[in-house]
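User: I'm new to this one and would like a short walk through it. Can we look at it together?

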Amino acid sequence: MIGTVPLWLLAIDYLLGAIMWTLIGRAALSLFLPVDSSWGFMRIIVRLTDPILKLFAPLTPGFLVAPIVPLFVAWFFYMTRFYVLPPLFGYGVMGMLSFPLESSIARLIYAVFG
């Protein structure tokens, strides 16, 4: 797929995918750690995702509890990757591994452990 898609479109998908998975990671970590935790990895994720959460604050319903908000925002990135990028890329989305980022990671895992 990498050879058939322009590099700038791949970069957009990789960026949106990285943001989406970072938001999902923050939601998962917030189940076990407070947002103001002193653990370095949590502080990095909070610093990376806070601007995104603030950007989406007008679209975020007020009734959502704080740990769910990153998942809600990650959903926007997933929907963009699912409905907007495939027509630009020219591929059909049939599953999670149809996305360029996830398929690249899966190929890497298969190469290492397969």
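This is a predicted model: local features need pLDDT of at least 70, side-chain atom pairs count only at pLDDT 80 or more; totals for chains, interfaces and linings use all residues.

Analyst: Isoleucine 105 is partly exposed, because its relative accessible area of 42% falls between the 20% and 50% cut-offs.

User: Which helix does isoleucine 105 lie in?

Analyst: Isoleucine 105 is part of helix H4, residues 100-113.

User: And which residues form the nonpolar patch on the surface?

Analyst: The patch is made up of Ile105, Leu108, Ile109, Tyr110, Val112 and Phe113. Together they have about 690 Å² of accessible area.

User: Switching to methionine 20: buried or exposed?

Analyst: Methionine 20, in helix H1, is buried, since its relative accessible area is 2% and the cut-off is under 20%.

User: How far apart are methionine 20 and phenylalanine 76?

Analyst: In sequence they are 56 residues apart; in space, C-alpha to C-alpha, the distance is 8.4 Å.

User: Now H2. Which of its residues are buried?

Analyst: Met42, Ile45, Val46, Thr49, Ile52 and Leu53 are buried in H2.

User: What do those pack against?

Analyst: The buried residues of H2 pack against helix H1 (7-29) and helix H3 (69-89).

User: Where does H2 bend?

Analyst: The bend is at threonine 49, by about 35°. A proline, proline 51, follows within four residues. Thr49 is also one of the buried residues of H2.

User: What span should H2 have, and how far apart are its ends?

Analyst: H2 has 16 residues (40-55), so at 1.5 Å a residue it should span 22 Å. Its end C-alpha atoms are 24 Å apart, which agrees.

How values were computed. Residues are numbered from 1 along each chain as its sequence is written. Side-chain values use heavy atoms; hydrogens and water are left out. Helices (H or I, at least four residues) and strands (E, at least two) are DSSP runs, numbered from the N terminus. The expected span of a helix is 1.5 Å times one less than its number of residues. The bend at a residue is the angle between axes fitted to the seven residues ending there and the seven starting there. Buried means under 20% relative accessible area, exposed over 50%, partly exposed in between (1.4 Å probe, protein chains only). Contact means heavy atoms within 4.5 Å. Patches are made of residues with over 30% relative accessible area and no salt bridge: like charges are joined within 9 Å, nonpolar side chains (Val, Leu, Ile, Met, Phe, Trp, Tyr) within 5 Å. Accessible areas come from the Shrake-Rupley method with a 1.4 Å probe; for residues, only the protein chains shown count as cover. A salt bridge is a side-chain nitrogen of Lys or Arg within 4 Å of a carboxyl oxygen of Asp or Glu.
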